[in-house]
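Visitor: Hi, could you walk me through this one? I'd like to start with the surface and then go inside.

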Amino acid sequence: IMLRILFVTDSYNPAPSPNAICVERLKRDFEAKGIACNVIALRTFSTHLQYPIDSTVTFVEPDYIYNRLFDAQFTQNSSKMDRMLKVSKLRGAIYGLFWPLVSVTHLHRYVKAIGKFLHHHKNEQVAVIGVYKTLEAA
């Protein structure tokens with residue numbers, strides 16, 4: 001039985017957080033030892049951004065508000081960006097330190113993506129490692 005590691009994290013390249021950098025290094029080291037690795041992460045960048053596709057990384061789509069915040073960064077409309085930042089800050093204050101993972105929408109999308117991954121790799125031994133609490137909040 002083949003061993004595979006699934007990292008579940010709050011972001012990944014091309015918009016990495018400290019968590020994503022840590023996961024990327026662990027993934028690279030495990031793969032160098034012959035252990036297959038995959039990543040499921042929240043897409044924390046605009047859909048307008050061009051980035052190289054890595055078949056071992058699956059991005060969970062953010063909910064509407066979070067998605068609009070990313071896309072607002074690529075517009076020239078500063079008032080739209082200001083509104084989205086205010087909404088995001090208010091939402092972050094409500095959700096606390098675990099934002100964005102306490103969003104019911106995000107949790108549902110993560111669970112769905114993990115379930116699909118585990119079903120696809122049911123003949124392999126999979127270790128699931130969650131890396132999602134930001135270092136700043138620790």
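**Surface, sheet and one histidine**

Guide: Happy to! The chain exposes about 8,500 Å², and carbon and sulfur atoms supply 59% of that area; accessible areas come from the Shrake-Rupley method with a 1.4 Å probe, and for residues only the protein chains shown count as cover. This is a predicted model, where local features need pLDDT of at least 70, side-chain atom pairs count only at pLDDT 80 or more, and totals for chains, interfaces and linings use all residues. Residues are numbered from 1 along each chain as its sequence is written, and side-chain values use heavy atoms, leaving out hydrogens and water.

Visitor: How many helices and strands does the chain have?

Guide: There are 4 helices and 4 strands, taken as DSSP runs (helices H or I, at least four residues; strands E, at least two) and numbered from the N terminus. Along the sequence the pattern reads β-α-β-β-α-α-α-β.

Visitor: And in what order do the strands sit in the sheet?

Guide: The order is S3-S2-S1-S4, in an open sheet with parallel pairing; two strands pair if DSSP finds at least two bridges between them. Strand S3 (57-60) and strand S4 (125-131) are at the edges with a single partner strand each, so one side of each has no neighbour in the sheet. From one strand to the next, the twist averages 20°. Axes here are lines fitted to C-alpha atoms, for helices over the stretch in contact, with angles from 0 to 180 degrees between N-to-C directions.

Visitor: How many bridges join S2 to S3?

Guide: Strand S2 (residues 36-42) has 4 bridges to S3. In that pair, Ile-40 stands opposite Thr-58.

Visitor: Which strands does H4 touch?

Guide: Helix H4 (residues 104-120) packs on the sheet and touches S1, S2, S3 and S4, with its direction at about 160° to that of S2. Contact means heavy atoms within 4.5 Å.

Visitor: New topic: where is His-121?

Guide: His-121 lies in the loop between H4 and S4.

Visitor: Is His-121 buried or exposed?

Guide: His-121 is buried, at a relative accessible area of 11%; buried means under 20%, exposed over 50%, and partly exposed in between (1.4 Å probe, protein chains only).
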